[in-house]
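Have the sequence and the 3D view ready, and we'll go from the whole chain down to a single residue.

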Amino acid sequence: IRFPAAPTNGQYFTILLGATFSVTVTNNGNGASVVNGITTISATVGQSAVTYFYYATDNAWYRERTS
């Protein structure tokens with residue numbers, strides 16, 4: 001998964017579950033950090049999506065929720 005290359009402050013990025021899969025979260029090309037990046041999403045434990053938001057002051061994506 002590659003995050004948007006030129007995010008705006010407060011931008012959301014959601015990864016939706018299509019099937020149980022492994023996830024490799026990388027930075028987005030502008031050097032932003034990914035805080036609390038996930039490695040798997042699984043329907044068997046009730047997960048259907050994970051959402052991150054971008055905070056420009058820290059140049060970082062933060063995991064907001066896994067649902």
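Before anything else, you need one term: pLDDT is the predictor's confidence in each residue, on a scale from 0 to 100. You need it here because what you're looking at is a predicted model. Confidence in this chain is lowest in strand 2 (residues 21–22), with a mean of 60, and highest in strand 5, with 89. Over the chain, the mean pLDDT is 79, and 78% of the residues reach 70 or more.

Now for the overall layout. Of its 67 residues, 25% count as buried. The chain exposes about 3900 Å², and carbon and sulfur atoms supply 50% of that. How much of the contact-making links residues 24 or more positions apart? Among contacts with a separation of 6 or more, such pairs account for 50%.

Let's zoom in on strand 5, which covers residues 49–55 and includes T51. Is T51 buried or exposed? T51 has a relative accessible area of 5%, so it counts as buried, the cut-off being under 20%. And what does T51 touch, leaving aside residues up to four places away in sequence? The list is Y12, F13, T14, Y62, R63, E64 and R65. With T14 there's also a polar contact, side chain to side chain, at 3.1 Å.

Note on methods:
Residues numbered from 1 in each chain as written. Predicted model: local features only at pLDDT ≥ 70, side-chain atom pairs only at ≥ 80, totals over all residues. Heavy atoms only, no water. Buried < 20%, exposed > 50% of the residue type's maximum accessible area, 1.4 Å probe, protein only. Contact = heavy atoms within 4.5 Å. Areas by Shrake-Rupley, 256 points an atom, 1.4 Å probe, with all protein chains shown as cover. Helix = DSSP H or I, 4+ residues; strand = E, 2+ residues; numbered from the N terminus. Polar contact = N/O pair within 3.5 Å; in protein donor to acceptor, adjacent residues only side chain to side chain.
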